[in-house]
Amino acid sequence: MNPFQKNESKETLFSPVSIEEVPPRPPSPPKKPSPTICGSNYPLSIAFIVVNEFCERFSYYGMKAVLILYFLYFLHWNEDTSTSIYHAFSSLCYFTPILGAAIADSWLGKFKTIIYLSLVYVLGHVIKSLGALPILGGQVVHTVLSLIGLSLIALGTGGIKPCVAAFGGDQFEEKHAEERTRYFSVFYLSINAGSLISTFITPMLRGDVQCFGEDCYALAFGVPGLLMVIALVVFAMGSKIYNKPPPEGNIVAQVFKCIWFAMSNRFKNRSGDIPKRQHWLDWAAEKYPKQLIMDVKALTRVLFLYIPLPMFWALLDQQGSRWTLQAIRMNRNLGFFVLQPDQMQVLNPLLVLIFIPLFDFVIYRLVSKCGINFSSLRKMAVGMILACLAFAVAAAVEIKINEMAPAQSGPQEVFLQVLNLADDEVKVTVVGNENNSLLIESIKSFQKTPHYSKLHLKTKSQDFHFHLKYHNLSLYTEHSVQEKNWYSLVIREDGNSISSMMVKDTESKTTNGMTTVRFVNTLHKDVNISLSTDTSLNVGEDYGVSAYRTVQRGEYPAVHCRTEDKNFSLNLGLLDFGAAYLFVITNNTNQGLQAWKIEDIPANKMSIAWQLPQYALVTAGEVMFSVTGLEFSYSQAPSSMKSVLQAAWLLTIAVGNIIVLVVAQFSGLVQWAEFILFSCLLLVICLIFSIMGYYYVPVKTEDMRGPADKHIPHIQGNMIKLETKKTKL
């Protein structure tokens with residue numbers, strides 16, 4: 001026998017295994033050569049696929065960038081509910097790829113799956129955009145449309161996720177493997193380009209464009225929806241030149257069936273009289289080929305290492321939720337540019353593009369030259385540690401923000417400030433045993449107390465008695481307050497005397513990071529104030545008080561106002577991020593109509609640039625963890641199991657988002673404590689993963705050979721050497 005013939009027969013063991021009997025197919029007619037790009041070896045069809053991927057990623061990441069703020073300020077959910085729904089949507093996006101792969105491999109094929117699920121994707125965007133129109137129904141309608149739209153988007157984006165890249169690879173012939181590798185580099189570059197551009201542009205569409213008098217969420221969702229329509233049209237345009245391989249069977253389903261049969265067969269044959277087998281998967285040998293069983297054994301070794309991985313994704317995916325909510329309460333003016341809070345997410349794809357070559361060509365090589373064995377599992381562990389540090393930094397930033405913010409009123413407490421709008425100073429004291437030491441200094445005309453004073457209540461609501469001393473007059477007044485609120489006691493002239501009114505202020509911090517304003521009108525006529533083209537309010541005569549209005553941050557040098565017989569302008573000055581202002585409209589004999597500006601709540605002082613370290617740390621951790629982890633997984637399992645590994649990898653991301661959902665909904669912790677909790681949890685998981693990695697024995701390529709290789713020792717020595725060299729090659 002010719003020994004080389006025996007070697008050739010062994011190589012068939014590396015082909016994907018199918019457990020079903022496939023009838024012989026009739027010979028297919030010779031294929032026409034596919035058109036190429038400028039005469040190269042690159043099929044023209046990949047141009048349509050790359051453009052499709054760019055537009056789809058723009059659509060997905062652009063919509064997702066503004067999603068948390070949409071929940072918070074359009075649907076008026078609280079921060080915990082908004083975070084939970086955000087991560088529930090993210091989790092669903094990573095569960096549905098399994099469904100998409102099953103449809104493509106077992107039923108429709110990749111091309112039809114992409115087309116049909118893209119239609120579902122577009123429909124989801126349309127419904128989502130309609131749900132963001134303020135004129136279309138109430139909050140219940142908006143909520144229902146939003147949830148339906150997000151469910152369809154999750155099905156669409158997840159369903160096509162495993163198909164598009166693989167379909168692009170199908171366009172190449174086997175002899176053009178080098179061109180196929182370069183194609184995948186361009187493909188993933190298009191993903192990052194779409195993410196980078198969309199996370200920068202869509203927050204601007206939301207915050208810088210006003211529609212219906214508020215942030216334009218309908219436009220911020222509509223533009224990504226339009227990009228998805230373009231993605232679908234471009235992909236369909238290449239239909240006639242695509243190579244469309246038929247469905248070949250779903251390897252993920254085969255693996256699950258093999259594992260289930262092994263477990264059930266082992267349970268049926270649990271009697272002590274039946275001989276034991278070397279591995280529990282060997283109980284599937286009655287039904288499944290040996291090669292498939294060996295591949296699944298190699299797969300399960302890698303999947304065991306996947307158990308701790310979801311915790312890393314739980315931290316990484318909070319960039320779009322908790323970190324964006326943190327950015328809301330920071331000063332976003334960088335001097336040369338004013339950022340939207342959801343634009344900070346652009347740092348992640350930008351830093352990924354910088355860090356990947358930096359780590360590959362600089363850091364890893366320097367570590368290698370130092371003689372350190374920086375294995376794949378060690379890189380992943382270091383990536384986890386970097387994510388821990390990122391959340392520790394985020395916690396420190398959160399604590400500093402809280403220190404700069406006004407104190408929170410607790411049970412049976414209120415905060416009170418006094419505004420003196422009389423023409424002379426007024427002395428105000430609180431009549432009562434434990435609060436009489438407050439407000440002991442006189443307040444000059446058109447001044448206010450330097451800060452809010454805390455008053456203690458005996459019950460949840462209480463009547464307070466105040467003593468007012470003005471000129472030779474001594475007056476007593478009574479006002480009712482409720483716990484956990486902020487109030488302003490306004491002293492005003494009333495003929496030759498004075499009177500007072502109690503006005504409830506906004507909460508201790510503005511939740512949307514924008515400016516809120518309200519007005520007190522001391523004139524004897526109603527005043528209409530136009531804050532913008534879409535925002536105006538009326539303030540009643542004789543010390544009427546308006547409600548709070550949210551406006552864009554910026555300079556307001558000439559705000560148009562009018563009474564029934566006069567038009568005039570007010571200079572409001574700079575209205576900064578996160579501040580709450582009170583403007584008192586007065587008629588000064590010498591200076592005419594003007595507005596006295598009072599800052600109820602100070603502006604955000606901490607710069608958003610302080611988020612840069614946490615973004616840099618978590619992105620560096622992502623590069624070390626994600627890129628290395630998938631590469632390591634592929635090196636440790638047979639090529640026939642790569643699609644199963646990809647599905648399992650996506651499932652770890654889905655589970656990570658579920659962890660965030662549970663913690664946000666049920667932990668009840670303040671934000672900085674929640675950041676510390678996640679950091680500590682990942683640190684513990686990192687220790688467990690390090691122990692698992694320490695005892696893990698990496699599989700070499702030559703160890704993943706078929707069972708026929710076991711018989712090599714029976715061949716003569718020269719043949720053994722030949723086979724060993726061939727395997728290494």
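Which residues in H3 are buried? Select helix H3, residues 67–74, in this predicted model. Eight of its eight residues are buried, so the helix is mostly covered given the cut-off of under 20% relative accessible area. They are Leu 67, Ile 68, Leu 69, Tyr 70, Phe 71, Leu 72, Tyr 73 and Phe 74. Step just past H3 to His 76, where phi is positive, at about 60°.

Ser 321 has a relative accessible area of 0% and is buried. Setting aside neighbours within four places in sequence, its contacts are Ile 68, Thr 83, Tyr 86 and His 87.

Return to H3 and select Phe 74 together with Tyr 217. The structure holds 43 aromatic pairs. In the pair of Phe 74 and Tyr 217, the ring centres are 6.0 Å apart and the planes meet at 65°, so the arrangement is edge-to-face. Phe 74 belongs to helix H3 and Tyr 217 to helix H8 (residues 217–237), so the pair ties together parts that are 143 residues apart in sequence. Both Phe 74 and Tyr 217 are buried.

For a ring cluster, select Tyr 42, Phe 172, Tyr 183, Phe 184, Phe 187 and Tyr 188, which are linked by ring pairs.

Finish with two charges over rings. At Tyr 60, Lys 161 lies over the face, at 5.9 Å from the ring centre. At Phe 267, the charged end of Arg 270 sits over the ring, 4.1 Å from its centre.

How values were computed. Residues are numbered from 1 along each chain as its sequence is written. This is a predicted model: local features need pLDDT of at least 70, side-chain atom pairs count only at pLDDT 80 or more; totals for chains, interfaces and linings use all residues. Side-chain values use heavy atoms; hydrogens and water are left out. Buried means under 20% relative accessible area, exposed over 50%, partly exposed in between (1.4 Å probe, protein chains only). Contact means heavy atoms within 4.5 Å. Helices (H or I, at least four residues) and strands (E, at least two) are DSSP runs, numbered from the N terminus. Rings of Phe, Tyr and Trp (its six-membered ring) pair if their centres lie within 6.5 Å; planes under 30 degrees apart count as stacked, over 60 as edge-to-face and the rest as tilted. A charge sits over a ring if NZ of Lys or CZ of Arg is within 6 Å of the ring centre and within 35 degrees of the ring normal.
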